[in-house]
Amino acid sequence: ANNDEYIDTKPAPGSSASGYASVKSVEKDKSEVESIRLKDFFRHVDKGLTQYLISGRPLIVVAVKKDLSFFEEISSHAHHIIGKAEGDYDYSSNKELAAIVWPMMLTHLKQNRLALLEELEEKTGAGLSIPGVHHSWTAAREGKSLKLLVEKDYRRPGYLSDDESHLYLRPPRNASRIIADAVEDVIETVLEKKGEVHFFDNGELKQYDHIATIARYK
């Protein structure tokens, strides 16, 4: 608060405006105290969000205009915000809130998928784009998978060689083990090795045989 402002603008005792000015001063003090408390509250909330906002996880903020401003001002997670809904939703049900935020999430997911497809195409020229479950499985095992792109309902059985170092999509003579779903195996391996997995609608990755990898290195 700017204390000089209060000192300079307070009228002399006994003046006709002194009562009015006193009331306005108290109101201003209360407003600033409320702002301080709100900001402290939002700092606490922001700190609690840290454990959830990992790996670029998106955030949608729903609040009245003043609270939105306060949160954005103090938040260390502003770069996670993909959407804002202005209004008083304190008594809204989960279903009502979902109707407000889900369209924002769908827009974000669509934009994210388009950006990943563009990145995948760019990496093709650099030799860092790996199509198909067979080669994606090998890349995942070697720890090369930076990002795995896969259609949400794509499934494919696989067969491992005797030493389990090679994946076949048709049963070889020396198969030692059958994998019910090689796609699930790729996903789990990528996640274990700190890679990212991004799901696409069916048919969106058709030209890459429904699954593709953006590699860390050749």
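Helices (H or I, at least four residues) and strands (E, at least two) are DSSP runs, numbered from the N terminus. The model you see is predicted, so local features need pLDDT of at least 70, side-chain atom pairs count only at pLDDT 80 or more, and totals for chains, interfaces and linings use all residues. Residues are numbered from 1 along each chain as its sequence is written, and side-chain values use heavy atoms, with hydrogens and water left out.

Let us follow α4 itself. This helix covers residues 94-125 and reaches 46 Å from its first C-alpha to its last. Some of its residues, including Met 105 and Leu 116, are buried, meaning under 20% relative accessible area with a 1.4 Å probe, protein chains only.

Now for the sheet. Four strands form an open sheet in the order β3-β9-β4-β8, with mixed pairing; two strands pair if DSSP finds at least two bridges between them. The edge strands, β3 and β8, each pair on one side only. Within the sheet, β4 and β9 run antiparallel and are joined by five bridges. Leu 148 has Thr 213 in β9 as its bridge partner.

Finally, visit Tyr 154, in the loop between β4 and β5. Is Tyr 154 buried or exposed? Tyr 154 is buried, because its relative accessible area is 11%. Beyond its neighbours within four places in sequence, Tyr 154 is in contact (heavy atoms within 4.5 Å) with residues including Val 133 and Asp 209. Asp 209 is 55 residues from Tyr 154 in sequence, yet their C-alpha atoms are 9.7 Å apart in space.

Note on methods
Expected span 1.5 Å × (residues − 1). Buried < 20%, exposed > 50% of the residue type's maximum accessible area, 1.4 Å probe, protein only.
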